[in-house]
Amino acid sequence: MVANWMNFFKQIIFKQIKLCKHKKNRTGIFIWLGLETALYLLFLCLDFMGNRNVSNVVKFVSILICFLGFSLFYRREKEKRESWILLALLFSVFADVFLLFTPFFLPGVISFLVVQSFLMIYLAQIHNVSLNRQIGIRVGLALVILGLLFLGDFLVDALLIAVCFYITAFACNVVLGIYGAEKKKVIGMDFILMLGLILFFLCDINVGIYNLSLYWENESGMLSFLTDVSSFAMWFFYLPGQVLIALSGMLRRGW
């Protein structure tokens with residue numbers, strides 16, 4: 001299975017990198033990916049050993065380098081469409097400051113909602129779909145979900161409202177990413193972007209599982225097991241997702 005994944009990255013991602021216009025840019029991307037891979041393996045090991053404080057610092061550095069690496073690309077190319085990815089990565093940095101180092105979850109969720117809003121604009125542009133329609137779908141679905149929660153006697157507070165809009169926006173972005181990749185019928189930048197969105201979304205599924213204890217009491221030990229697994233799985237999916245989203249933007253213009 002590992003060999004199959006390695007072959008996938010070699011055939012799909014490395015092939016796209018080799019299409020870059022300039023050799024030094026290809027080298028820069030490989031160095032960036034190598035650094036991100038090293039940080040990724042480091043914080044996974046730290047998480048496994050239970051050293052979460054140091055791990056959180058390494059995680060933040062990895063996201064910061066993801067943003068800075070894309071910033072170097074953007075300064076060179078200055079493509080207007082890719083500015084939306086740059087802004088999405090910047091607000092991801094803001095969100096992770098709140099979620100990794102503070103007890104303030106609401107600003108973190110709102111920052112990630114802004115991230116999904118920027119990615120929505122980017123996806124609408126590259127796949128030639130109506131932005132107004134995309135906004136309407138997301139707002140409408142979020143309001144329906146909030147209405148159902150309200151009728152179900154859930155405590156609808158500011159955090160739950162933000163989470164509903166965020167998850168709805170994210171799910172729609174994943175669907176739009178899959179639609180765009182399928183429409184192109186070619187495994188390239190749109191496929192890499194779609195894969196990044198899916199991995200990012202898998203991270204958020206694990207965030208939801210991790211927070212089940214806030215709403216569900218279970219004495220069987222299953223909830224504790226799920227919480228332990230999801231706490232590890234969140235960043236297992238999150239950083240690769242962010243890196244692939246950034247990489248898709250770099251490769252779209254050939255850097």
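## Close-up views of an all-helix model

**Figure 1. Ser62, a residue inside helix H3.** Ser62 sits in helix H3. Helices here (H or I, at least four residues) and strands (E, at least two) are DSSP runs, numbered from the N terminus. This is a predicted model, where local features need pLDDT of at least 70, side-chain atom pairs count only at pLDDT 80 or more, and totals for chains, interfaces and linings use all residues. Residues are numbered from 1 along each chain as its sequence is written, and side-chain values use heavy atoms, with hydrogens and water left out. Is Ser62 buried or exposed? Ser62 counts as buried because its relative accessibility is 0%. The cut-offs are under 20% relative accessible area for buried, over 50% for exposed, and partly exposed in between (1.4 Å probe, protein chains only). Leaving aside residues up to four places away in sequence, Ser62 touches Glu36, Leu39, Phe43, Trp235 and Leu239; a contact means heavy atoms within 4.5 Å.

**Figure 2. The whole fold, for orientation.** The protein has nine helices and zero strands. Reading from the N terminus, the elements run α-α-α-α-α-α-α-α-α. Of its 255 residues, 44% count as buried. Among contacts between residues at least 6 apart in sequence, 72% join residues at least 24 apart. The protein exposes about 13700 Å², and carbon and sulfur atoms supply 70% of that area. Such accessible areas come from the Shrake-Rupley method with a 1.4 Å probe; for residues, only the protein chains shown count as cover.

**Figure 3. The largest nonpolar core.** In soluble globular proteins, nonpolar side chains tend to be buried together. Here the largest nonpolar core has 56 residues, and those with the most contacts inside it are Trp32, Phe70, Leu197 and Trp235. At least two core residues come from each of helix H2 (23–49), helix H3 (52–77), helix H4 (83–101), H5, helix H7 (158–184), helix H8 (189–210) and helix H9 (222–252). Which helix gives the most to this core? That is H9, with 13 residues. A nonpolar core is a set of buried Ala, Val, Leu, Ile, Met, Phe, Trp, Tyr and Cys residues joined through side-chain atoms within 4.5 Å.

**Figure 4. Leu197 and helix H8.** Leaving out residues up to four places away in sequence, Leu197 touches Leu119, Leu123, Phe170, Asn173, Val174, Gly177 and Ile245. The buried residues of H8 include Leu193, Leu197, Phe200, Cys203 and Asp204. How far should H8 span? At 1.5 Å a residue, the 22 residues of H8 should span 32 Å, and the end C-alpha atoms are 32 Å apart, which agrees. The expected span is 1.5 Å times one less than the number of residues in the helix.

Figure 5. Side chains of opposite charge can pair when their charged atoms come close. A search of the whole structure finds two salt bridges, each a side-chain nitrogen of Lys or Arg within 4 Å of a carboxyl oxygen of Asp or Glu. In one of them, Arg52 pairs with Asp47, with the closest N and O atoms 3.3 Å apart. Arg52 counts as partly exposed because its relative accessibility is 32%, whereas Asp47 counts as buried at 5%. A salt bridge also joins the side chains of Lys59 and Asp47 (3.0 Å, N to O). Lys59 lies in helix H3 and Asp47 in helix H2, so this pair ties together parts that are twelve residues apart in sequence. Both Lys59 and Asp47 are buried. Shared partners join Asp47, Arg52 and Lys59 into one network.

**Figure 6. Gln125 in helix H5.** Gln125 lies in helix H5 (residues 105–126). Gln125 counts as partly exposed because its relative accessibility is 32%. Not counting residues up to four places away in sequence, Gln125 touches Arg81 and Trp84. Gln125 and Arg81 are 44 residues apart in sequence, yet 7.4 Å apart in space, C-alpha to C-alpha. Just after H5, Asn128 takes a positive phi of about 55 degrees.

**Figure 7. A nonpolar patch on the surface.** Leu99, Phe105, Leu106, Ile110, Leu159, Val163 and Ile167 form this patch, with about 500 Å² of accessible area together. Patches are made of residues with over 30% relative accessible area and no salt bridge: like charges are joined within 9 Å, and nonpolar side chains (Val, Leu, Ile, Met, Phe, Trp, Tyr) within 5 Å. H5 and H7 are the elements that give two or more residues to the patch. Leu159, in helix H7, is partly exposed, with a relative accessible area of 32%.
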